[in-house]
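Me: I have a model open and want to learn to read it. Can we go through it feature by feature?

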2 protein chains.
Amino acid sequence: MKFSFTSLGCSSALPTVNNYPSAHVLNVHERLFLIDCGEGCQIQMRRYGISILKIDHVFISHIHGDHIFGIYGLLSTMSMLGRIADIFIYAPKGFAPVLKSFLKYFGDGFKYNVIHKIVDVREKEVIFSTRTIEVSAFPLNHRIDCYGYFFAEKEPKLNVFKDMIAMYSLSLSEIARLKNGEDVARDSGEYLKSERLTYRPYKPRSFAYCSDTAPFTKLKEYIRGVDILYHEATFASDHTAMAAETMHSTAGDAARTALEAEAKMLIIGHFSSRYRDTNIFGEEAKKIFKNSHVAEQGTKFDVPIEKNR
Amino acid sequence: MKFSFTSLGCSSALPTVNNYPSAHVLNVHERLFLIDCGEGCQIQMRRYGISILKIDHVFISHIHGDHIFGIYGLLSTMSMLGRIADIFIYAPKGFAPVLKSFLKYFGDGFKYNVIHKIVDVREKEVIFSTRTIEVSAFPLNHRIDCYGYFFAEKEPKLNVFKDMIAMYSLSLSEIARLKNGEDVARDSGEYLKSERLTYRPYKPRSFAYCSDTAPFTKLKEYIRGVDILYHEATFASDHTAMAAETMHSTAGDAARTALEAEAKMLIIGHFSSRYRDTNIFGEEAKKIFKNSHVAEQGTKFDVPIEKNR
């Protein structure tokens, strides 16, 4: 029942050898979600053993090159690997002509559909949902149309306490009904309340992605209580003015958002290549929000299951 | 007076961690020419210390993704690095709409022009020339419009023999005229022949790029006597039929072309990712053409100056 985040690249616009452009993978119960797709994404996936064909859903924050130039190679490779399943790309409307042009000139022979789901929300809004996960989009505050994504694990199904199974000699059909939240009235007159015999096996987990954005008041509401917050920190405090001008955040901005949003953990990334040593970002963030971590390509952050029993 | 070739990527369509898609740099007297531009090219340039802003001329063989998907990131990075000098991209006509679409959606704020020089030749033809180098294009035999490139160092300027300078007490203007190939008639009646007093300091060097192509008879004529031949070898002899079907070459095909063209050295690349060990390509090629080398990213092949004196 995994819930883990791996960054494949945490540079901003100018990549370096150890810092590829933005691309990240969230693993939710072995279902992989790709978040942004900078140049070299497919190579990084191979480097870190992430199966390219396991990606069915991609979430793109905005149509700047460092968040999107890897999509061409990734989609082409999927075709060459024999993909036939449709792929869904959640992205702002600016992606439509880019995709159209790509498919026109490079999509010959594709045996699968690339389906662009336009993201265009004013407030936090659910855009995708499965049995285990719900993904919401919310607006960020960048130079162009730009969205953050909130991945919330759904409440797990109820489990029946083992000792209750023995005590009441529960049949399989009774267990199924109790797990479904239904009470069971036995012919004997016994009344078995689901509420008393069952429990939620674990606490749902969550992940929020905020890149690229200048800080803004409402952001903390969109991501309140999140287990892992990935937040951009293009600059350190020495370039506060430049951060404001380019509508980016500093490490301090990211940490303040994490603090105000009562996040459990902060991962910062999207570092400007002007910084040789990214530790400065961590130092600045930790002063404000203790559980801050500097993203490094390939490092996995797990949210362990917090069992209710 | 360098003349050296560095491969930045020698995979075919599916890249691997140690084998990026096609992109190569030829250094001619510290002028850098980029040949093909697969995904991750800009990252590989940084990895191998090749200055991104020193590229003014790019030569694209054909418009398949593994030869072109790095151009988006490279051009964007050039803009962010403050480029103002025009860049010239020699590429088949299929590049025109791709470039147009890229510039439309990602070219905002570019302070330099991207000039597409259409390559469309039926025979070997000079397409670019400077004081030191002449570049010709010639047709290859692939599934789409595809061109090879021949880089020929020009004859170097004449040097005057040092002992002759002393013997005739040559003035600077006399030396300049002799170097220019002119004879000098002195007032004294002495007649100094350029041909006798000068020599060519070194033998011009050459490099040919042949990727992607099925073997064809005329190819050897286009590249006759070349110092370094880079030739694709997508397959080994176990996939001869697939090579023919996809209009690619085997290592043996490449070696036979090198042999028949009387090349001095063969470098093979563009390997299919189905081969875990690329040594098999070298073994097969060496049986036919002894001076064969397997391309590895980052390895530099120099053609040393062969001095005439």
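Me: How far apart do the C-alpha centres of domain 1 of chain A and domain 2 of chain A lie?

Reply: First, a caution: this is a predicted model. The two C-alpha centres lie 43 Å apart. Domain 1 of chain A takes in 3–156 + 200–302, and domain 2 covers 159–198.

Me: Now the sheet. Which strands form it in chain A, and in what order?

Reply: Start with the general idea. Strands of a sheet pair through backbone hydrogen bonds, either parallel or antiparallel. Here seven strands of chain A form an open sheet, ordered β6-β5-β4-β3-β2-β1-β18, with mixed pairing. From one strand to the next, the twist averages 20°.

Me: Where do I find antiparallel pairing?

Reply: Look at strand β1 (residues 3–9) of chain A. Six bridges join β1(A) to β2(A), and the two run antiparallel. A:Thr6 stands opposite A:Val25 in β2(A). On to β3 (residues 31–37) of chain A: six bridges link it to β2(A), again antiparallel. There, A:Ala23 has A:Cys37 in β3(A) as its bridge partner.

Me: Which residue of the hairpin of β2(A) and β3(A) takes a positive phi?

Reply: A:His29, with a phi near 55°. The hairpin has two residues between its strands.

Me: Is strand β2 of chain A largely enclosed or open?

Reply: Count its buried residues. Five of the six residues of β2(A) (residues 23–28) are buried, so the strand is largely enclosed by the rest of the structure.

Me: And what about parallel pairing: which strand does β5 of chain A pair with in that sense?

Reply: β5 (residues 87–91) of chain A pairs with β6(A) in the parallel sense, over five bridges. One pair to pick out is A:Phe88 with its bridge partner A:Ile115 in β6(A). Helix α3 (residues 95–106) of chain A lies across β5 and β6 of that chain. The helix runs at about 170° to β6(A).

Me: Let me try a helix in the other chain. Which residues of α2(B) are buried?

Reply: They are B:Ile71, B:Tyr72, B:Gly73, B:Leu74, B:Leu75, B:Ser76, B:Thr77, B:Met78 and B:Ser79. That makes nine of the ten residues of α2 (residues 71–80) of chain B, so this helix is largely enclosed by the rest of the structure.

Me: What covers those buried residues?

Reply: The cover includes β3 (31–37), α1 (41–47), β5 (87–91), α3 (95–106) and β6 (114–118) of chain B. Look just past the helix too. B:Gly82 takes a positive phi of about 90° there.

Me: How is chain A laid on chain B?

Reply: Turn chain A by 180° and shift it 0.1 Å along the axis; the RMSD is then 0.1 Å. The two copies are thus related as by a two-fold rotation axis. In chain A, the C-alpha nearest the axis belongs to A:Gly40, 2.7 Å from it.

Key. Residues numbered from 1 in each chain as written. Chains lettered and ligands numbered in written order. Predicted model: local features only at pLDDT ≥ 70, side-chain atom pairs only at ≥ 80, totals over all residues. Buried ≥ 20, exposed ≤ 12 C-beta atoms within 10 Å, placed from the backbone. Helix = DSSP H or I, 4+ residues; strand = E, 2+ residues; numbered from the N terminus. Contact = placed C-beta atoms within 7 Å. Least-squares fit on C-alpha atoms with pLDDT ≥ 70 in both. Pairing = 2+ DSSP bridges. Axes fitted to C-alpha atoms, helices over the stretch in contact; angles between N-to-C directions. Domains from an automatic or database assignment.
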